[in-house]
Amino acid sequence: MARLTAGVGSSHVPLLGVAVDQGKTGDDYFGPIFAGYEWTREWEKAEKPDVVVLVYNDHASAFDMKIVPTFAIGCGERYKPADEGWGPRKVPDVEGHADLAWHIAQSLILDDFDMTIINEMDVDHGLTVPLSMMFGQPDKWPCKVVPLAVNVVTYPVPSGNRCWALGEAIARAVASFPEDLNVQIWGTGGMSHQLQGPRAGLLNREWDNRFLDMLESEDDAVRWIPHIEYLRETGSEGIEMVMWLIMRGALGKKVKTLHRHYHIPCSNTAIGHIVLEPAD
Amino acid sequence: MSEQTRPSTDIHAYLAELEDIPGTRVYTAARARKGYHINQFAMSLMTHENRERFKADERAYLDEWPISEEAKQALLKRDYNTLLDLGGNVYFLSKLFSTDGLSFAEAVSTMTDMTFPEYRDMMLKGGRSPIGNRSIKGGY
């Protein structure tokens, strides 16, 4: 059977992709950010996941305002990097795992999650930057990916509780897939940042670290944080952190922290990163 | 608390709270409706051909879209705060940033009361503090 072996949380700031693509990951500005991912890059080499369920949000790349799915799952065979206005990132195409993705999609729908199914789309920095952070610059990504896109742009976005419950349902779906696969789940986005209006540039080191503490806890209080708290405390785009709850919800009650990293700033954003494994 | 026993959210109170954050325009359904064509216009700049056509004659390109004169003027002036008021969303407007060859951070800084070097400096020093920036009514 497929096994959900670990969860990874990570920011997906587009500038990190630029730093990788332009070879700036060791400079004074980016060095401390990338240093916090070195542990994970080595760990991933040893773990060799077969598939990553990658929770992210599309930034007006594959989806425009014509259709706004709350939760959408990529069931396609492969995905190309999107042109976000600068030309597509020169990174490998992302290979899907259609068998597992369709299995998860069907299981979730039977489990009362009314998923949108995507067969074709391009994937933007929300998905490709975490791959670069965890795997560097290979000729081919070392695992298959099941993209799981969440609307965190148009309000209301899904509640933290709903995200957590979706994670629990994904874990059940993975556990009932007959093939022996090593599956990880990644939650991406955040941490505190605001990209709009006179309040732009808001960061909140203390709140972000409390959120990381809550992810490590056995207590599931983090799922009940209301949207307004993310907005007030972490900026309008800090709401992306609800996507980390899908990852955390999938890992069960108890987790063990393998690695944790926090850095301010990257462009407009606070960088957060955590690696957890189920410990029930 | 299970999902079944959780009280349902009062949508009016929920939406009212979203308007209580200083210097922030949360992208609510109301803004999404109002700014629909502004955002779809911005989305059209995803192709090289459209970017070139827009740059050649911005006004003529904007006139192809069913958007208000006020919004057209704000787009021509790159007045992003007004565009947020008119229902623009930053992820869509960012297509205009990249058409202009502006980094995200530089474009974002134009919405604040700082120059880009001042804004960059603030970020290096830990960013804008949430203290006093959380609530208009509460002032905390």
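**Ground rules**

I'm looking at a predicted model: local features need pLDDT of at least 70, side-chain atom pairs count only at pLDDT 80 or more, and totals for chains, interfaces and linings use all residues. Residues are numbered from 1 along each chain as its sequence is written, while chains are lettered from A and ligands numbered from 1 in the order in which they are written.

**Chain A, overall**

I looked up the elements and found 8 helices and 11 strands in chain A. Helices (H or I, at least four residues) and strands (E, at least two) are DSSP runs, numbered from the N terminus.

Next I checked the radius of gyration, which is taken over C-alpha atoms; the globule rule is 2.2 Å times the number of residues to the power 0.38. For 280 residues a compact globule would come out near 19 Å, and chain A has 17 Å, which agrees. The C-alpha trace of chain A spans about 45 × 40 × 40 Å along its principal axes.

Burial came next: 58% of the 280 residues of chain A count as buried. A residue is buried if 20 or more other C-beta atoms lie within 10 Å of its own, exposed if 12 or fewer, and partly exposed in between, with C-beta atoms placed from the backbone.

**The sheet**

I traced an open sheet of 8 strands in chain A, in the order E6-E3-E8-E2-E9-E1-E11-E10, with mixed pairing. Two strands count as paired if DSSP finds at least two bridges between them. E6 and E10 (255-266) of chain A are the edge strands, each pairing on one side only. From one strand to the next, the twist averages 20 degrees.

How buried is strand E8 of chain A? I counted 7 of the 7 residues (144-150) as buried, so E8(A) is largely enclosed by the rest of the structure. Side chains in a regular strand alternate between the two faces of the sheet. I listed both faces of E8(A): A:Lys144, A:Val146, A:Leu148 and A:Val150 are buried on one side, and A:Val145, A:Pro147 and A:Ala149 on the other.

Then I checked the neighbours. Strand E2 (residues 51-56) of chain A runs parallel to E8(A), joined by 6 bridges, and A:Leu54 has A:Pro147 as its bridge partner. Strand E3 (residues 71-74) of chain A pairs with E8(A) in the antiparallel sense over 3 bridges, where A:Ala72 stands opposite A:Ala149.

E2(A) also runs parallel to strand E9 (residues 182-188) of chain A, with 5 bridges. There I found A:Val52 opposite A:Gln184.

The buried residues of H3(A) are A:Leu100, A:Ala101, A:His103, A:Ile104, A:Ala105 and A:Leu108. They pack against E2, E3, E6 (116-118), E8 and helix H5 (160-175) of chain A. After H3(A) comes A:Asp112, with a positive phi near 80 degrees.

Is A:Gly26 buried or exposed? It has 10 C-beta neighbours inside 10 Å and counts as exposed. I placed A:Gly26 in the loop between helix H1 (14-21) and helix H2 (31-47) of chain A.

**Chain B**

Chain B has 10 helices and 0 strands. Its radius of gyration is 18 Å, well over the 14 Å that the globule rule gives for 140 residues, so chain B is more spread out than a compact globule. The C-alpha atoms of chain B fill a box of roughly 55 × 40 × 30 Å along the principal axes. I noted 33% of the 140 residues of chain B as buried.

**Where the chains touch**

How many residues of chain B are in contact with chain A? I read off 45 residues of chain B against 34 of chain A, a contact being C-beta atoms, placed from the backbone, that lie within 7 Å. H8(B) gives the largest share of the chain B side, 6 residues.

Note on methods
Two residues are in contact if their C-beta atoms, placed from the backbone, lie within 7 Å. Axes are lines fitted to C-alpha atoms, for helices over the stretch in contact, and angles run from 0 to 180 degrees between N-to-C directions.
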